[in-house]
Amino acid sequence: MKKDRKLVVGNWKMNPGTLEEAKRIYGGIKKKKALFSHTDIVMCPPSIFIAELKKTDRNKDLLLGAQNVFHENIGAFTGEIGPALFRDSGAEYTLVGHSERRLRGESDEDINKKVNSALKEGLKVILCIGEKERDLEGEYLSFIKNQLRVGLDKVNKKILSDVVIAYEPVWAIGKSDSEAMKGKDVHEMAIFIRKTLSEMYSPQEVLEIKILYGGSVSALNAQDIVGEGYVDGLLVGRQSLSAEAFVEIIQIVDNL
Ligand code: PGA
């Protein structure tokens, strides 16, 4: 994927409640795809809907992603779904390390295993990072740095274009649109993330990695966040469950 393309990802979490509703929302977004010239759209529905939604999209207008992935591909792992199964069901991306997974006990080391195994299987990885809270001493910056360093440990430098970083400050997730991070503050974090990455990779390699912002994104703040934040796109939760609201957000990003 070329760096000049933007990326907007919809994370449906454990919604909507039925396949019928999922198809309706997906169809509503897909219908508008032709309006966007330089924005890729990835939808991350509950795993059980991925193959079904894929069947409704023969032109591959939208890309599909998992919300989480296991680090093994096959075997005696009751209840888990590995990268090869997601690939087979039509997913091209996977979120890894979303804060709602970390809250349930995923460590940076667990996340790193998932990152490497998903990449090896050909899935693109959206690695979610973000601090729970801020402190005046700036400890949250070391926290973010560690999430990046451990999360990306041993990643093959030749496939960094398959890696996306989604910066989602946990305190800004699930809030009102005025509580999302302001564009200028997003910019500061994007600089910090790029600086941390540049301690790990060459300048050319860093350019391969897209950076997204997530946390209470809506059509009201998308312009400020992407325009002033200088990020490559957005990770959208609640607002991706309405085709109209999500399409409006993509349109704003695509116009920038
Ligand atoms: P939100 O969720 O947009 O509803 O805040 C974002 C996320 O958790 O990825």
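This is a predicted model: local features need pLDDT of at least 70, side-chain atom pairs count only at pLDDT 80 or more; totals for chains, interfaces and linings use all residues.
**Entry on the barrel.** I began with the sheet and found that eight strands close into a barrel, in the order β1-β2-β3-β4-β5-β6-β7-β8, with parallel pairing. For one pair I went into detail: β6 (residues 163-167) and β7 (residues 210-214) pair in the parallel sense over four bridges, and Ala166 stands opposite Leu212 in β7.

**Entry on helix α9.** Helix α9, residues 222-229, packs on the sheet, where I noted that the helix touches β1 (6-11), β7 and β8 (233-236). The direction of α9 makes about 140 degrees with that of β8.

**Entry on Lys33.** I located Lys33 in the loop between α1 (19-30) and β2 (39-44). How far away is the nearest side chain of opposite charge? I found that this is Asp61, at 5.2 Å, and that Lys33 is buried yet has no salt bridge; the salt-bridge criterion asks for a side-chain nitrogen of Lys or Arg within 4 Å of a carboxyl oxygen of Asp or Glu. Leaving aside neighbours within four places in sequence, I listed Thr39, Ile41, Asp61 and Leu62 as the contacts of Lys33.

**Entry on His71.** I placed His71 in the loop between β3 (63-66) and α3 (83-89). Its relative accessible area is 25%, so I recorded His71 as partly exposed. Not counting residues up to four places away in sequence, His71 touches Lys113, Lys114 and Ser117. I also looked up a separation: the C-alpha atoms of His71 and Leu197, 126 residues apart along the chain, are separated by 24 Å.

Methods: Residues are numbered from 1 along each chain as its sequence is written. Side-chain values use heavy atoms; hydrogens and water are left out. Helices (H or I, at least four residues) and strands (E, at least two) are DSSP runs, numbered from the N terminus. Buried means under 20% relative accessible area, exposed over 50%, partly exposed in between (1.4 Å probe, protein chains only). Lys and Arg count as positive and Asp and Glu as negative; His and the chain ends are not counted. Contact means heavy atoms within 4.5 Å. Two strands pair if DSSP finds at least two bridges between them. Axes are lines fitted to C-alpha atoms, for helices over the stretch in contact, and angles run from 0 to 180 degrees between N-to-C directions.
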